[in-house]
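Open the structure in your viewer and keep the selection panel at hand. The tour moves from stop to stop, saying what to select and what is there.

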Amino acid sequence: MNFFKKLKESLTGKKTEDSGTSNQDTEKKSAEVLKKGLEKTKNSFFGNFSKSLVGKSKISDQELDSIEETLLKSDIGIETSLKIIDGLENRVRKDKFIHTNEIYDFLKDEIKNLLLQNKKDYSFSDEKPYVIMVVGINGVGKTTTIGKLAHQFNKNNLSVTIGAADTFRAAAIDQLEVWSNRTNAKLIKQKMGSDPASVCFDTLKSAKSNDSDVVIIDTAGRLHNNVNLMNELTKIKKVMSKVSINAPHEVILVLDATTGQNAIEQAKQFSKATEVDCIALTKLDGTAKGGIAIGISDQLNIPIKYIGLGETVNDLQLFDKDKFVDTLFSNEN
Amino acid sequence: MFQNLSEKLERAFKTLKGRATISDINVAQTMKEIRKALISADVDYKTAKSFTDKVREKAIGQKVLTSIEPGQLLTKIMKDELAELMGSESTDIQIERGLTKILVAGLQGSGKTTFSGKLALYLKNNKKLKPLLVACDVYRPAAIDQLEILSKQVNADFYCERDNKDPVNISKNAIKFSKTNNNNLIIIDTAGRISIDQEMMNEIGEIKKAVSPSETLFVVDAMTGQDAVNTAKNFNEVLDFDGVVLTKLDGDTRGGAALTIRSVVNKPIKFIGTSEKMEGLDVFYPDRMASRILGMGDVISLVERAQQQFDEDEARKIQKKIAKNKFGFDDFYKQIQQIKKMGSMKDLVGMIPGVGKNIKDMDIDDDAFKSIEAIINSMTPKERSNPEILNGSRRKRIAVGSGNSVSEVNKLIKQFLQMSKMMKMMQGGGKNRVMDMLNNQMQRR
């Protein structure tokens, strides 16, 4: 198997021809993890729909209100919620008799329409390594996500170099060191407090001479309204392109699913500074509904690529909107 | 985002304009808008609803004085109600005569470890206590190292057991250790946990039982959305915590979660985190938070931001130059760079109360300074420090060099001369009254 094919597979999570049984097993397992993680979400999130809708054949104002409440309580946000409701009302006007199932299907469709999945096909150049830069505000789970990503690449026999460019937070480098040991990745680091751009430069240089397949750059958490720190991010990005013209090939913004409407502003500002390619939505195994993903997809056109469902290495999954929405709606349990 | 909310409120208040009393009918639409605004600020759906219901009750029948607009009256009612809901004054931390024990809990990434370090520094400086920081996060890689580094930074004692995976046991041992080590304050940092993880929630319950802390503090990210209800409730059920810590308030979130948590569990918010630095801990002021959630002009934030970005030494140098009438274009250029660092112009202007609605449709270009910068860049160093030598031919050269017309160059030079004249005047009369005012504002924070 050639390098880019392998890379693509590990990035898209799809195995092309030679998918063995062990692979099916892991898929099954990952489906279970997703389901387990989302079950709690489902019960509180769309579970409410069934309560409010079963046995009725029309949508009354009252019911529309309760749908609105459910949407808003999931952090979908006013604008996007109203969009969904507007669509729903249009449908009601057209088809006078609506049954519960139809409403379900319609809501599913509507939300799926708003949700962007990471469709962008990787246009791999011959540039190696493939460089991924991970950004986000403090405490969203950047380092953990990187550990999980490195694990996935490692599983697919790709060599990984991690750049510890969070030189600010206490013990950030140590944390990354633990993860790199766990995942067989090479870690490039400097002292705490050193220039993050220089760490990135070193990382890419070293990855090149070591013939690494993938580079993952960890950056310090920063609030999106801190102009200086955001400028620093732009600089880090620029420095990388000096070693490798198209680097970083992918910028992943990590968002915490418990975050409210501020996530939209975060996505906006990080995009401005680094042209974010996709989002990793973390902490979806809690009670948070992650509805901001829908709002961000709708308003900013940034696709969701990964979801984080726990603290162990296997708890990172590719975001699949059909699975995501279907699992939320499924009538089991 | 900043404008959004004030805009919505202003639009909402329009329906009230020109009426003598606030009645049921003219208030209904307003309340709906306010509710939406609150939800956009991440206030929980139900909390927002009960809040607007209460405000409506208080507002209806109120006579509107001719001097103020109904909107203003409503704003006042709302702000008072909010502040009351948030607790009318700040609550201090419980210090015990012997050993004060503080347990810190919360979700992953909410900022527990950073807060623990900050609290140690704060209580060391303000209450003259001798803190011991205890690392009970045995799960996250390098969590122990992180707390150890922070404890060194704030000069606090540190306790950990790297091979012990039982946080209940560690915390018990830490208390014993604190007695021999003569600490009168111990702060226990725990692992982040999701509120529906039964095992982990049991664990924190056990720690609390074993320690019987003087205060249990629940740390929560100010950016939390609707989930704040569940998390706060679940943590409170297990821990019955004494206070809340809101972190990451240096972001631009409205922080509606503060209102949600307060109304759901009725526990005071005690501290707020305002930066990544160890000094970035502040006591919670309910009225300031009320203003923030309502978006009623973030003057304080504006001053804070200005203070953050403003280089005092530079300012002093410029002041001296003005006094000596030596303020040149290069100083002007430096000032522009400082203003630019403070953020987008629209953002800044939007923070001034009442301005919000006026600039809604105006497109404030962040590149507004570009042509000014170009003109200054096209001057020779000599011209910059001696603007009076700028004659016709020099102006023409500058215009060509910067890609502007001569009249634009003239305009800038004229404005600049007026400005430096004005600054000279401000300097001369009344002993820096403007600067004093600004300084006072800053010190009040």
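At what angle do helix H9 (residues 196–209) of chain A and H10(A) pack, and how far apart are their axes? The angle is about 25 degrees, and the axes are 9 Å apart. Axes here are lines fitted to C-alpha atoms, for helices over the stretch in contact, and angles run from 0 to 180 degrees between N-to-C directions. Helices (H or I, at least four residues) and strands (E, at least two) are DSSP runs, numbered from the N terminus.

Before going on, some ground rules. This is a predicted model, in which local features need pLDDT of at least 70 and side-chain atom pairs count only at pLDDT 80 or more, while totals for chains, interfaces and linings use all residues. Residues are numbered from 1 along each chain as its sequence is written, chains are lettered from A and ligands numbered from 1 in the order in which they are written, and side-chain values use heavy atoms, leaving out hydrogens and water.

**Stop 1: H9 and H10 of chain A**

Stay with this pair. H9(A) and H10(A) are therefore roughly parallel to each other; angles under 35 degrees count as roughly parallel, over 145 as roughly antiparallel, 65 to 115 as roughly perpendicular and the rest as oblique. Their crossing is right-handed. A crossing is right-handed if the near helix is turned clockwise from the far one by less than a right angle, and left-handed if anticlockwise.

Now show the side chains. From H9(A), select Pro196(A), Ala197(A), Cys200(A), Phe201(A), Leu204(A), Lys205(A) and Lys208(A). By class they are nine nonpolar, no polar and four charged. Ala, Val, Leu, Ile, Met, Phe, Trp, Tyr, Cys and Pro count as nonpolar, Asp, Glu, Lys and Arg as charged, and the others, Gly among them, as polar.

**Stop 2**

Move on to Pro248(A). It lies in the loop between helix H10 (227–243) and strand E5 (250–256) of chain A. The peptide bond joining Ala247(A) and Pro248(A) is cis, with omega about -10 degrees.

**Stop 3: H7 and H8 of chain A**

Select residues 142–155 for helix H7 and residues 172–182 for helix H8 of chain A. They pack at about 15 degrees, with axes 9 Å apart. H7(A) and H8(A) are therefore roughly parallel to each other. This crossing is right-handed. Thr143(A), Thr144(A), Ile146(A), Gly147(A) and Lys148(A) of H7(A) meet Gln175(A), Leu176(A) and Trp179(A) of H8(A). That contact has three nonpolar, four polar and one charged residue.

**Stop 4: H4 and H5 of chain A**

Next, take helix H4 (residues 61–73) and helix H5 (residues 78–94) of chain A. The angle is about 150 degrees, and the axes lie 10 Å apart. H4(A) and H5(A) are therefore roughly antiparallel to each other. Their crossing is right-handed.

**Stop 5: Asn301 of chain A**

Find Asn301(A) in the loop between helix H12 (292–300) and strand E7 (304–308) of chain A. Its phi is near 60 degrees, a positive value in a residue other than glycine.

**Stop 6: where the chains meet**

Show both chains. The contact takes 42 residues from chain A and 40 residues from chain B. About 3600 Å² is buried between them, and carbon and sulfur atoms give 57% of that. Buried area is the accessible area (1.4 Å probe) that two parts lose on being put together, summed over both.

**Stop 7: confidence**

Finally, colour by pLDDT, the predictor's confidence in each residue, from 0 to 100. Chain A averages 81, and 76% of its residues score at least 70. Chain B has a mean of 80, with 73% of residues reaching 70 or more.

Technical notes. Contact = heavy atoms within 4.5 Å.
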